[in-house]
Amino acid sequence: MPDDPSDDGHETEPPPDDDGELTASLGDERERTDPIDRTADETGAVDDEVQRRLREAYLNDEESVLVVTGVRSTERHVVVEFRPPHGGSTHVERFRAPRDGSLAESEAFLAFLDAAGVSPLDVDELAGTRVPATYDPDEGWRLDEAYVGGRGDGDEDDAAGAGLSARWNRTAEWLWTYRYWLVAVLLVGGELLFVAVIILLFA
């Protein structure tokens with residue numbers, strides 16, 4: 001019987017199948033194929049340092065901006081309400097409202113609309129407008145001069161009213177933050193006062 005061809009050191013080919021075609025096992029194909037490193041493709045996360053820097057830069061740029069949240073009318077004024085982009089106390093600016101069908105007394109408000117790029121006929125577009133502003137711990141928010149520079153001497157009371165409004169907003173925010181402590185102090189103080197009155201009456 002002749003020797004097996006595989007014994008002579010030569011590699012044998014796989015046996016043909018029923019149709020006369022050569023077949024190869026899947027295991028042999030895997031061995032011949034080099035493994036592919038897919039680590040780079042599977043890593044899609046953004047570096048934490050990049051996220052931190054972008055977030056800090058975004059917040060820093062947004063610190064000097066107020067967003068218009070609403071416009072309402074009072075008897076004498078047009079009240080424009082603002083809020084910082086990332087939340088916080090509301091800031092209010094007051095402009096003289098048109099009277100007797102004339103815009104003569106509303107030059108400051110018209111200048112504000114012009115600086116914001118909004119037409120008096122499309123005041124709805126004012127909502128969401130970003131307005132440059134600076135914050136002072138004592139006086140609160142102050143809009144850029146380009147938006148309130150049109151005020152005349154007759155609007156000094158408006159500026160004073162805006163300052164008082166800012167102080168009131170800060171006071172209201174403080175009271176709301178510490179409301180539970182204030183209620184507790186009032187309750188305890190009322191009880192102590194009641195005990196003191198009883199002692200004075202029946203001592």
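Because the model is predicted, local features need pLDDT of at least 70 and side-chain atom pairs count only at pLDDT 80 or more, while totals for chains, interfaces and linings use all residues. Residues are numbered from 1 along each chain as its sequence is written, and side-chain values use heavy atoms, with hydrogens and water left out.

Five strands form an open sheet in the order 3-2-1-4-5, with antiparallel pairing. Strands here are DSSP runs of E with at least two residues, helices are runs of H or I with at least four, and both are numbered from the N terminus; two strands pair if DSSP finds at least two bridges between them. Strand 3 (91–96) and strand 5 (140–143) are the edge strands, each pairing on one side only. Neighbouring strands of the sheet are turned by 45° against each other on average, direction ignored; the axes are lines fitted to C-alpha atoms, and angles run from 0 to 180 degrees between N-to-C directions. Strand 4 (residues 130–136) is joined to strand 5 by four bridges, and Thr134 has Arg142 in strand 5 as its bridge partner.

Next is helix 4 (residues 107–116), where Ala108, Phe109, Phe112, Leu113 and Ala116 are buried. They lie on the same side of helix 4 because they cover an arc of only 140° around the axis, taken from the directions from the helix axis to the C-beta atoms. An α-helix has 3.6 residues a turn, so residues three or four places apart point the same way. Glu107 and Asp114, on the other side of helix 4, are exposed. The buried residues of helix 4 pack against strand 2 (77–83), strand 3, strand 4, strand 5 and helix 5 (145–148), with contact meaning heavy atoms within 4.5 Å. After helix 4 comes Gly117, with a positive phi near 75°.

Helix 6 (residues 156–177) includes Arg167, which counts as partly exposed because its relative accessibility is 43%.

Notes:
Buried means under 20% relative accessible area, exposed over 50%, partly exposed in between (1.4 Å probe, protein chains only).
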